[in-house]
Amino acid sequence: MSDALASLGRFLPELLLMGALAVVIVADLATQAWSLARSRNLLVGLTLAGLGAAFVASLGEPGGGSLFASMIADDGLLGVLRPLFALTAIFTLLFSLRAKELDGARMGEMVALLLTVTAALMWMAGSVNLVMIYLSLETVSVASYIMVGYRSSDRLSNEASLKYILFGAVSTGVMLFGLSLLYGLTGTLDLYGVRAALAAEDAGPALILVLLLVAGGIGFKIAAVPFHFWCPDVYTGASTPVTAFLSVGPKAAGFAVLIRFFYSGIAQPGADGTFAAVGGVDWQGLIIVLAVVTMTLGNVAALLQTNMKRLLAYSSIAHAGTILIGAAALSSEGIGAIVTYLVIYLFMNLGAFLVVILVHRVTGTFELEGYAGFWKRSPLLTVAMGIFLFSLMGIPPFAGFFAKLYVFAAAVEAELGWLAVVGVLNSAVAAFYYIKVLRIMAVDPGDGELPALRFSRLDGALLLALVTPNVVGILFGGALEQISEIAQRLLDLA
Amino acid sequence: MITRFRQVEMRLMGPLTAIPIVLATVVLVTIAALPFVSAVLSEWIRDAVPAGLQHAVAVTLGTVGFVAVLALNPIYAIWLERKVAAHVQDRLGPMRVGWHGLLQSFADGVKLLFKEDLVPKDADRVLFRLAPMVAIAGAFAAFVVIPWGVRADGAVLAVSNLNIGVLYFIAITSIGALSVLMAGWGSNNKYALYGGMRAAAQMVSYEIPTAILVLVVVAQVGSLSLPEIVAAQAGGFLGISNWLVFQLFPLNLIAFVLFFICGLAETNRTPFDIPEAESELVAGFHTEYSGMRFAFFFLAEYGNMLLISMLAALLFLGGWVGPVGSNPLLLFAKAFGLVVVQMWLRWTLPRLRVDQLMAVCWKYVIPISFFLLVVVAVLKSIL
Amino acid sequence: MIPLEHYLIVSAALFSVGVFGILTRRNAVNVLMCIELIFNSANINLVAFSRFIEGALGGQVFALLVIVVAACEAAVALAIVMSLYRITKQVNLDKAAELKG
Amino acid sequence: MTAAQVVFYGACLVMLGSALYVVLGRNLVHCAFALVATLVGVAAFYVFLGADFLAGAQVLIYVGGILTLLLFGVMLTNRIYDLKISTGAVQVFPGAVAAGLVFAVLVWIIRSVDWNAMDTGAPGPTSEPLGKLLIGDYLLPFEIASVLLLIALMGAAMLVRRRTRP
């Protein structure tokens, strides 16, 4: 009991989110009679306050050690990802104010879901116990299913949600079966205990089976091939802010679980920051295969897309593959590279989705033809999109370049040079479809005379907030180093 | 002619009336002497039965005993219900068959036995046949964990004395919801289906407050085992002041009333009998049933009535302990008292509407139950 | 005494049956039932290991929480099925193909 | 063969048989009721493993809750008069091969691992130690489960509520 009380103090961001959840639910009930706009403003304001407070509370150095009887590791990985999740949620919330799909929708459930899922992402990122991993992953999933189906009178939204939940339930069910076998093999639910047990005794083929089953659940969350089938449909069916959220938040948390499970659970840290697999199974090959297949398939499929949201869906699959290269490096540099990538990915991907939302607001379409001639209507938006896409491509001096650089450097360091080469080649393929979008926006003539675009102040602020980190990525070098270092240094591998 | 027929009837029925009266007396005396009977029986089992079979024989005997009581229960309960109904409505009720109509239920039973066994042409035969069996199995299975009393040597008089007795009870009663869904769907009749779905929704909804209110008791006693819950209520002024219903006044009184209301709803009794509302849905989920299958549903309904009353008596009214010490008959007296209250309510109160029914559950009963649970838990940790 | 392997093999069989159902069934609610089979097979494992390997109740706590999760997932999934059914009047997964995966 | 073994293998048969019916049956409502048998069989397993509280919870939540939900799902998403709800199963043969393969691999692995099973004996009443674990070591998962329940309740209610566009 005293352990729980002691843990509460270091659990402030999550507690703030839960407090905000309670307030929002009551406020939603109390304002049922209000006009839509008025209750919407109040709810969004309350949620922003909660998320902002959680963001502030999550800054600063993590305390190390574990919370709640070894359920959560309060380490650097969690320390970096907590503010990232809060930030993603803040952007999502502001996006949803501008998304045409959510015009006139009641926001009570949406903000409640957003608060819950943010907290659950934090739990997921910190989990060092099999029960916690499973439960937090399911909480994120269930909240995501509902968010995807939020427009319940819309057919696409419902279909996407149904596919998502059936696919998700199967993958997590399969993962659960794997976790149950792992529990039987090691006799403990604690991740560090699992490592100790596996280090003492090889598990052989049973562990391979466990890894394959668990990879199903994690692969589903990070949208890695072959567990990606839901991704394009869900991205298309969900309202765009939700899509933007799903492409950043759960993916980052999925990678955190991947790091925890593979690095803390079935690998032993060596002296020079490298890791060695335990339990008699060399799982590096599994990650490498996943990375190569995911990257390649994502990029090739993205080439064929004519719908912006589907294109971004496949692009996010390809990025997941690139990040997996960092996981295959089996070194703490690889972990740092993953976390850095995730931070930068937040700004570039959310930026691209913001442009999609703003374009959809005036054109009402997500098809690529709708983007024709935007240069004439709004040079500013086109330039912003250019920056986001160049960053996603990994062109210097934009931030995305550094993200890729770190990952590839980690791979080279781990003597996986050929994997880095595959990654670079894939980036070249990716350039084709990103540039295709830009060409349509900048070069293709739009049909007829369309009025120039006007931004609201919120749009301008959001664009500025998302463009800046991408542009000044090079200046951020120091900050990125620091993030990477915190994530590595304090990764609690006890 | 009619007078002549009546005379024959009366002459025939007069002596037969002795049967139900004698039967009831025998059963009641056996129940009162149960601690003694059981001690004698278990001694006999220990001596005369081979070691491997002792447990099986004991369980079989117990099962036969309570099945006998459960089978007799509706015969008397239906008669009682008709009498109560009649007197509420300023009538006499059954008077013809036997003394004050005591043989009426036997006559009805014989009639039901010989009725044609109908299965509608387009019905789902498997489910249609299975539904009454599941209904009665669910109702009877719940009785397995109901303890009837304790012997002098401390042994509990129950077929199976589970230490999670209350949880088992809540779990098994949820099977009832399945049986009405089966019946509703299997009949291939829209009234039956609507009735079945309403009944299932109602049972599932009211299961929540029932479970919470049981937890109110469990939180105070600190055990899921029914004999321990009863043991905690023994003693006190006149042997009744320790009954849970009188503790923490008025919290437990409210809990008891709510529990009883939930019990009414779970057994689909008026004012919660919307699933079988005659004026709306013909007869609800058992519209298409006749003969013995119909009788099975009836048996299950009266079994459930007795069950919920017994549980209320065990949880709140001290079970088998009371002013005259400890005796199984006390439990039966309390339970039958509550059964009569159920009948009284049925013939006094009007029926709720579907939306009112759900509103009562979700907007009032569940929040109040939660409130009670929290307050009781806090008080328990302070006191 | 029933040996541990027997529980595990029964659970593996249940898992395989669930997988078979997921591969072959096309009704959304039916697929949900098959998912429940998978959850249950994992739960049998957890409880069996908790008794035979760990000797503590960790696995039982896990199984209890899995049941809770299964309930949540079923509730949300059925809500979505209902919602979709209102729009399309069918829940056949092959026909829910406005979105082509 | 002792009585316990007879009951155990009987439960296995019922469980697997009804599970097979769930995936092979033509009538969806029958499939749902077959699932009841499977779930009760699993509860019987829990009893065998000494997990009495879990067995109760299994029947209460699965049979009383989830199954009723599923039945409502089946009954409400199909026309009332249409009793025969066939679900055209596709790719039965490849599906069977894949599932058979999965089963073979699982059995091979289960038999190849040396589990070091020790029988610690029936753990006795589990409700009290389980409760203590839930508010002790597993406090956080327990609280997360309550958040999950809350959000699922809210979300499900929101999804089925018919929305009128303003």
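**Close-up 1. A lysine over a ring in chain A.** In this predicted model, A:Lys309 lies over the face of A:Phe366. The distance from the ring centre is 4.2 Å.

Close-up 2. The charged end of A:Arg377 sits over the ring of A:Phe374. It is 5.2 Å from the centre of that ring. Across the whole structure, a search over all chains finds 34 aromatic pairs. One of them joins A:Phe374 to A:Tyr371. Their centres are 6.4 Å apart, with 40° between the planes, and the pair is tilted. Are these two residues buried or exposed? Both A:Tyr371 and A:Phe374 are buried.

**Close-up 3. A stacked pair, A:Phe390 and A:Phe398.** The ring centres of A:Phe390 and A:Phe398 lie 6.2 Å apart. Their planes meet at 10°, so the pair is stacked; the cut-off for stacking is under 30 degrees. A:Phe390 has 29% relative accessibility, so A:Phe390 counts as partly exposed. A:Phe398 has 15%, so A:Phe398 counts as buried.

**Close-up 4. An aromatic cluster in chain A.** Which residues form this cluster? A:Tyr145, A:Tyr164, A:Phe167, A:Phe220, A:Phe229, A:Trp230 and A:Tyr235 form one aromatic cluster.

**Close-up 5. Confidence along chain C.** Chain C has a mean pLDDT of 85. Of its residues, 87% reach 70 or more. Among the elements of chain C, helix α1 (residues 4-24) has the highest mean pLDDT, 92. Helix α3 (residues 58-88) of chain C has the lowest, 90. Where pLDDT is low, the predicted coordinates should not be read in detail. The model as a whole scores ipTM 0.91 and pTM 0.91.

Terms used
Residues are numbered from 1 along each chain as its sequence is written. Chains are lettered from A and ligands numbered from 1 in the order in which they are written. This is a predicted model: local features need pLDDT of at least 70, side-chain atom pairs count only at pLDDT 80 or more; totals for chains, interfaces and linings use all residues. Side-chain values use heavy atoms; hydrogens and water are left out. Rings of Phe, Tyr and Trp (its six-membered ring) pair if their centres lie within 6.5 Å; planes under 30 degrees apart count as stacked, over 60 as edge-to-face and the rest as tilted. Buried means under 20% relative accessible area, exposed over 50%, partly exposed in between (1.4 Å probe, protein chains only). A charge sits over a ring if NZ of Lys or CZ of Arg is within 6 Å of the ring centre and within 35 degrees of the ring normal. pLDDT is the predictor's confidence in each residue, from 0 to 100. Helices (H or I, at least four residues) and strands (E, at least two) are DSSP runs, numbered from the N terminus.
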